[in-house]
Amino acid sequence: MCEPDFVQFNNLACETAGGKVIFATDEWFAPAQNLLKREPAEFRASAFTEFGKWMDGWETRRKRIPGTALPFSSTDIYSASHHLMVYLSFEGHDWCIIQLGVPGVIHGFDVDTSFFTGNYTPSISIQASCLQTDEFPAAKPEGDHTGMAASEGEFKAVAKLRSELWEELVPVKELKPGNPDTCHNYFHVAFPHRVTHIRLNMYPDGGIARLRVYGVGQRDCATVSGLEQVDLVALANGGVCLGYSDAHFGHPRNMIGVGRAANMGDGWETARRLDRPQVLKMNAVGILEVPGSEWAVFRLGHPGVISLVEIDTNHFKGNYPDSCKIEACNLTTEEEQLCNRERWRNGEAVKWRMLLPPQKLKPHQRQFFSGNVLALTQVMSHVRLSIAPDGGVSRMRLWGRPKHFFNNPANEMDF
C-alpha cells in the first residue's frame, strides 16, 4: 500500500512528544500506552504473561458482556488492580482516551494492526475534542496496566468529559489484519480545528498495535509572551517537514521533536552517498570538497526572523555530517503547494537565500550560530537544511521572533 501524503507530518500522539493514554476500558492482554510507542511493533513468539500472549500493542479481553452502566462482580472479570467492582464497558465495546503530546490540527491516522492477525479489532471509529487545560482529566497511574480494567471511579471521572459526544473524525471503519501488506489502515481527516484529546473506539474488542496521529502542532497563543524567543520550527510550535532528499535511517521530522534525541533513531540520518570522492580533500576553511549533499525542507510554525540557529549531532559520533548550511525563503500558500507537487526538486521554483553559510560540524554535540554568522534579518516562512556529504543530525532549532511580533510589538504573539 502506498503511503498517503499526510504521513509526512508529525505524530502528535507519540509518547516521545508527550502523548499519553488517560483512560482505557480494558487492558487485559496488553496496555493501551503501547499504542503511542515510537518504535514499530515487534512480535515475540514465545512470550507470555500470566494473562495470556504478550503482544506489543493494546489488546482487550474477548468481550462476553453487553453494554451496561452497572458494575460487575470481580468473580469472573478480575482486575489486577484489585478493585472489588469494575466496569468492563459502558457501551458494549472497548475504548480509550489519548491526550496528544502536541495539540494541533490532525490530517490523518494510521491505525496499525501489526502482528494482530487472529485477534485484531474488526472496526474502529475516532472522535476528538479541544479541552481547556483546567478540563484535562488526571493521567492514569504509571506502571504496567496489563490484566487491568477501568474501575468504577475511573468510569465516573471520565464520564464528565462526555467523550461519546465529541466530534467524529473517522466514522466506523473496518480494519485489516496485521499482516505486513495489510497492517497499515490509513484514514484521511478534514477537520481544520485544534485538537487536544482523541477517543479511539474498538468495535467490539481486540488488538491494535499502534495509533499514529499525523498533523501539525498548534500552540496556544495565550502561553507565549511577546518578548519571548521562540523555536520557530519546533513540532510543538507548528513546524513541519515538507520534503527531503533521503531518509534511509531516520526521518528529518525527528529533528524538530520535543527535547534532545533519545538515540540515533530519534534523528535524521541518510544513507552514505555513493558519489563521494575516492580520496577526500578539504578546502581552505577545512570543509570537505564533495559533489553532493542531502537536504530537508521545513515550513516554520509561524513566519519570523531567525536570530539563533542550533544544530545538534547528539549520538552521531562516527556518522555526523562534515558540514551544513541553511537557506530560507518566504512563500505563499500557492507557491508551497506547487513545490509540494514537485517534491521540492525544482530548483527554479524557489528563490532560496542563504541564512547560515556552510559550517563545519562536530560529532555528538550542540553547535550554536548567531550574530554576524547569520546572513538574513528578514521574515522567512520556509527553510532548507543541507548536510554534506551525508550523515545524521538529531535536532535543529531556529530561535527567533514571529512576524506578528514585528507588526504588533506591544501585543502577545499570535500562533
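How many nonpolar, polar and charged residues does the lining of the second largest pocket have? Hold that thought; we get there at the last stop.

First, the ground rules. This is a predicted model, so local features need pLDDT of at least 70 and side-chain atom pairs count only at pLDDT 80 or more, while totals for chains, interfaces and linings use all residues. Residues are numbered from 1 along each chain as its sequence is written, and side-chain values use heavy atoms, with hydrogens and water left out.

**Stop 1: the rings**

Select W28 and F51. Their ring centres are 5.0 Å apart with the planes at 75 degrees, so the pair is edge-to-face. (Rings of Phe, Tyr and Trp, the last by its six-membered ring, pair if their centres lie within 6.5 Å; planes under 30 degrees apart are stacked, over 60 edge-to-face, the rest tilted.) W28 sits in the loop between β3 (26–27) and β4 (48–49), F51 in the loop between β4 and β5 (52–53), 23 residues apart. Helices (H or I, at least four residues) and strands (E, at least two) are DSSP runs, numbered from the N terminus. W28 and F51 are both buried, meaning under 20% relative accessible area; exposed is over 50% and partly exposed is in between (1.4 Å probe, protein chains only).

Now pick F43 and F115. This pair is stacked, 5.7 Å centre to centre with 25 degrees between the planes. F43 is in the loop between β3 and β4 and F115 in the loop between β9 (95–112) and β10 (123–129), so the pair ties together parts 72 residues apart in sequence. F43 is partly exposed at 41% relative accessible area, and F115 is partly exposed at 38%.

Then try K53, whose charged end sits over the ring of F48, 5.4 Å from its centre. The test is NZ of Lys or CZ of Arg within 6 Å of the ring centre and within 35 degrees of the ring normal.

**Stop 2: strand β21**

Select residues 323–329. In this strand, β21, 6 of the 7 residues are buried, so it is largely enclosed by the rest of the structure. Show β22 (353–360) too: β21 pairs with it in the antiparallel sense over 5 bridges, with S323 opposite K360. Strands pair if DSSP finds at least two bridges between them.

**Stop 3: the pockets**

On a 1 Å grid over the protein atoms alone, a pocket is an open set of points with protein on both sides within 12 Å along at least five of seven lines, and lining residues have an atom within 4 Å of a point.

Start with R38, R212, Y214, R253 and N254, which lie nearest the centre of the largest pocket among its 30 lining residues. About 740 Å³ of space lies there.

Finish with D5, F6, Q8, L242 and R343, nearest the centre of the second largest pocket, which is lined by 20 residues. Its volume is about 540 Å³, and β18 gives the largest share of the lining, 4 residues. As for the opening question, the lining has 9 nonpolar, 5 polar and 6 charged residues.

Notes
On a 1 Å grid over the protein atoms alone, a cavity is a set of points where a 1.4 Å probe fits but cannot get out, and a pocket is an open set with protein on both sides within 12 Å along at least five of seven lines; lining residues have an atom within 4 Å of a point. Grid points are joined across faces, edges and corners, and a volume is the space filled by probe spheres set on the points. Ala, Val, Leu, Ile, Met, Phe, Trp, Tyr, Cys and Pro count as nonpolar, Asp, Glu, Lys and Arg as charged, and the others, Gly among them, as polar.
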